[in-house]
Amino acid sequence: MPIFYKYPLLTIKHYDFIRFKVCLFAESNEIIQAHKKIKYIRPLTPVNTLNINLNAPYFSSWLIGFIESEACFSIYKPINEN
């Protein structure tokens, strides 16, 4: 996982990585059973600002990889469920 420390995720997927890391490095060595796990709801707020993402030294490589994979560009506005 050192790659994710050297090149942090730029999108909201960073929250998923934090959750994964917490589960993986839990203080107890107990296996977390599916029916006992805490429900995870990903926050809707962006991890970084646009300027931080654009100025990341690896952004151009990230963008090329994003475009070359089966990805798409879209804009959406989250709907508050309150």
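**Burial and ring pairs**

Student: Why does phenylalanine 17 count as buried?
Tutor: Its relative accessibility is 8%. Buried means under 20% relative accessible area, exposed over 50%, and partly exposed in between (1.4 Å probe, protein chains only). The value 8% falls under 20%, so phenylalanine 17 is buried.

Student: What kind of model is this, and how are residues numbered?
Tutor: It is a predicted model: local features need pLDDT of at least 70, side-chain atom pairs count only at pLDDT 80 or more, and totals for chains, interfaces and linings use all residues. Residues are numbered from 1 along each chain as its sequence is written, and side-chain values use heavy atoms, with hydrogens and water left out.

Student: What makes histidine 14 buried or exposed?
Tutor: Its relative accessible area is 18%, so histidine 14 is buried. Leaving aside residues up to four places away in sequence, histidine 14 touches Pro8, Leu9 and Val47 (heavy atoms within 4.5 Å).

Student: Where does histidine 14 lie?
Tutor: In helix α2, residues 13–24. Helices are DSSP runs of H or I, at least four residues, numbered from the N terminus. Tyr15, Asp16 and Phe17 are buried in α2, as is His14. The buried residues of α2 pack against α1 (2–6).

Student: How do you know that the span of α2 agrees with its 12 residues?
Tutor: The expected span is 1.5 Å times one less than the number of residues. For α2 that gives 16 Å, and the end C-alpha atoms are 16 Å apart, so the two agree.

Student: How many aromatic pairs are there?
Tutor: The count is 5. Rings of Phe, Tyr and Trp (its six-membered ring) pair if their centres lie within 6.5 Å; planes under 30 degrees apart are stacked, over 60 edge-to-face, the rest tilted.

Student: Why is the pair of tyrosine 5 and phenylalanine 17 given its class?
Tutor: The ring centres are 6.0 Å apart and the planes stand at 75 degrees, so the pair is edge-to-face. Tyrosine 5 belongs to helix α1 and phenylalanine 17 to helix α2, so the pair ties together parts 12 residues apart in sequence.

Student: And what makes phenylalanine 59 and tryptophan 62 a pair of their class?
Tutor: Their ring centres are 5.6 Å apart and their planes at 25 degrees, so this pair is stacked. Both residues lie in helix α4, 3 residues apart, about one turn of the helix. Phenylalanine 59 counts as buried at 18% relative accessibility, whereas tryptophan 62 is partly exposed at 31%.

Student: Which residues form one aromatic cluster?
Tutor: Phe4, Tyr5 and Phe17.

Key: Helices (H or I, at least four residues) and strands (E, at least two) are DSSP runs, numbered from the N terminus.
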